[in-house]
Amino acid sequence: MDNNKNPEVVTTNEDILRKYDRESDFRVMTGFGAKVIAAIAIAFSLFQLYTAVFGVLDAMIQRAIHVSFAFSLIFLLYPARKSWSREKFHPFDVALAVIAAAVPMYIVVNYQELVLRAGRVTTVDFIVGLIAIVLILEVARRVVGYPMVIIAILFLIYALVGRHIPGQLAHRGVKLASLVQHQFYTTEGIFGIPIGVSSTFIFLFILFSAYLEKTGMGEFFIDLANTVAGWATGGPAKVAVISSGLMGTVSGSSVANVVGTGSFTIPMMKKLGYKGEFAGAVEATASTGGQLMPPVMGAAAFLMAEFTGFPYGRIITAAAIPALLYYFGVWSGVHFEAKRLRLRGLNRDELPKLKDILVSRGHMVIPLLAIIYLLVSGRTPMKAALYAIVLSILCSMIRKSTRISFKDIVGGLEQGARSALGVVAATACAGIIIGVVTQTGLGLKMGSTLVDFARGNLFLTLFLTMLTSLILGMGVPTTANYVITSTIAAPALLLLDVPVLAAHLFVFYFGIIADVTPPVALAAFAGAGIAKANPMKTGLNAFRLAIAAFLVPYVFVYNPAMLLIDVTFGPMILMIVTSIIGIVGVAAAVGGYFIADQSWFERIIFFIGGLLMVIPGLYTDLMGLALLAVGYVIQKKKQSSQRLNVGTGA
């Protein structure tokens with residue numbers, strides 16, 4: 001691509017982050033301004049650590065203080081207009097920061113009086129609550145973007161005018177005072193489950209991630225991935241898949257993950273011979289998959305545990321096999337593309353030695369292993385994250401190469417608080433949506449409407465739910481993404497007796513995969529920015545590589561054994577094996593290569609055969625296996641013919 005012909009092309013990682021990730025488009029302060037930001041952010045982190053150690057405060061108080069800290073920082077860090085200075089505060093933003101800090105504290109100061117009033121709203125209560133709703137919409141606009149704000153506003157309008165809506169979605173209507181009271185003075189709206197989880201578990205996991213970054217965990221993951229796969233066919237692309245998957249387990253943003261690991265992997269892929277569009281797509285697809293990979297799943301795992309009532313350990317065990325199949329699909333697509341282009345791996349002497357990596361930095365894996373053990377063994381996510389933070393600091397001290405200073409420890413407190421702002425903004429705005437749903441019963445109404453439109457057919461309902469989740473997930477961060485899709489789309493599946501975990505993971509998958517699905521494929525566009533490639537072509541390549549994500553959710557709805565629901569060992573192994581074979585077949589068909597280039601007819605054989613293998617059932621497996629066997633024989637003959645032609649010089 002000729003950059004001179006396209007003035008919008010961005011050239012630095014910071015520019016790419018600012019363009020595609022609104023959370024990264026903040027002021028860069030110096031001097032007194034920087035000290036103010038640091039002081040508030042550090043105080044925010046210390047408050048969260050204090051309550052983690054000594055016990056969480058009453059729900060409304062804990063959540064109100066959490067929001068007060070976050071909103072004041074957001075108004076100071078994110079200017080109202082793009083044209084405003086990024087190096088100094090604007091008086092308007094400072095005024096809003098003060099108001100935003102004070103409004104949630106109204107609940108803290110008047111907590112006893114508000115409890116005794118038992119839902120009655122005074123004029124002052126109403127004004128404060130109305131200001132809070134407006135502030136939340138503005139905070140979400142600045143940090144999350146317009147899609148989420150528009151959805152929240154539509155829900156508020158629906159609550160107020162619902163009595164005038166014809167058909168199944170009508171409700172008896174909500175008065176403005178009642179709406180404000182429900183949204184701001186109960187734990188059913190703004191201060192509901194999403195903010196509750198943000199103010200406890202999620203913040204500490206983000207803080208943990210900040211300390212991992214301070215110790216150089218990102219570079220460790222890339223070096224480890226290079227050692228494992230850098231020498232293989234198309235090595236750098238496989239390195240991207242592994243390293244982005246590892247980073248994604250603790251990262252909360254697909255775009256940030258793309259820019260973080262992609263700055264290393266995408267140039268390596270291009271140097272090896274991959275086109276920019278494909279290199280950017282590999283990184284985007286692998287990074288997006290990190291949001292689907294336990295143990296953190298972009299913090300959605302904790303929300304899912306709260307929403308479904310299942311223990312956290314059950315959530316991550318259910319999500320494990322689908323996530324691994326997703327990555328196997330991406331890996332297969334990368335492998336076949338490398339084979340088609342005849343790309344070699346890196347020379348082993350170019351790669352770091354596994355022994356050297358483990359000796360110098362292997363101890364930094366201890367906090368990750370510890371947090372998984374603590375979570376699975378039944379410790380609360382809050383305590384697990386707290387212990388992991390302490391462990392990450394202590395483990396860094398073992399060797400000089402990873403040792404962090406006191407300044408780094410304090411810096412981690414600031415970085416953790418700043419990284420949490422996007423989640424707070426998104427979950428607060430998502431609370432508005434949930435508040436409307438709980439007050440009007442919209443979730444069940446929308447579910448019934450979808451099921452009626454599909455005439456009770458499960459497959460058609462799944463397809464419509466998939467489209468709904470893809471649309472709702474476009475340009476929305478992971479946590480808010482899950483809140484929206486689970487609130488609006490999941491009820492339709494629950495009405496058809498789909499298991500709760502399967503329904504929630506189904507909508508979660510398609511909400512997340514919106515990041516690599518054109519036309520709004522933010523992760524793919526970020527990858528294109530680094531690769532200096534065409535964004536839409538990169539998005540289409542990412543969509544193609546993520547094909548497993550479009551198949552696996554259907555499989556676990558029809559066969560919940562994939563989520564370890566009512567499963568026995570034998571059928572589970574058979575299901576995993578047939579799914580893997582099927583995904584390989586589909587990946588080969590989509591890429592147009594298996595062991596030789598495929599004609600359109602061969603691609604159809606491999607695609608249908610792979611699809612049948614993925615669909616659970618003995619007869620579909622046998623038919624799929626037969627088709628894949630036919631495709632393999634054709635490919636083998638074609639490969640032999642090509643070798644013969646090369647050998648004879650034809």
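Let's start at leucine 130, which is found in helix α6 (residues 123–143). Helices here are DSSP runs of H or I, at least four residues, numbered from the N terminus. Keep in mind that this is a predicted model: local features need pLDDT of at least 70, side-chain atom pairs count only at pLDDT 80 or more, and totals for chains, interfaces and linings use all residues. Residues are numbered from 1 along each chain as its sequence is written, and side-chain values use heavy atoms, with hydrogens and water left out.

The cut-offs: buried is under 20%, exposed is over 50%, partly exposed is in between, with a 1.4 Å probe and protein chains only.

Leu130 belongs to a nonpolar surface patch of about 740 Å². Patch residues have over 30% relative accessible area and no salt bridge; nonpolar side chains are joined within 5 Å, like charges within 9 Å. A salt bridge means a Lys or Arg side-chain nitrogen within 4 Å of an Asp or Glu carboxyl oxygen. Which helix gives the largest share? Helix α7 (residues 146–161), with seven residues.

Now, backbone angles. Most residues other than glycine have a negative phi. Arginine 455 has a positive one, about 55 degrees. It lies in the loop between α20 (442–453) and α21 (458–473). Arginine 455 is exposed, at 80% relative accessibility.

Next, aspartate 497. Its phi is also positive, about 65 degrees. Aspartate 497 sits in the loop between α23 (490–495) and α24 (500–512). At 69% relative accessibility, aspartate 497 counts as exposed.

Definitions and conventions
Accessible areas come from the Shrake-Rupley method with a 1.4 Å probe; for residues, only the protein chains shown count as cover. Helices (H or I, at least four residues) and strands (E, at least two) are DSSP runs, numbered from the N terminus.
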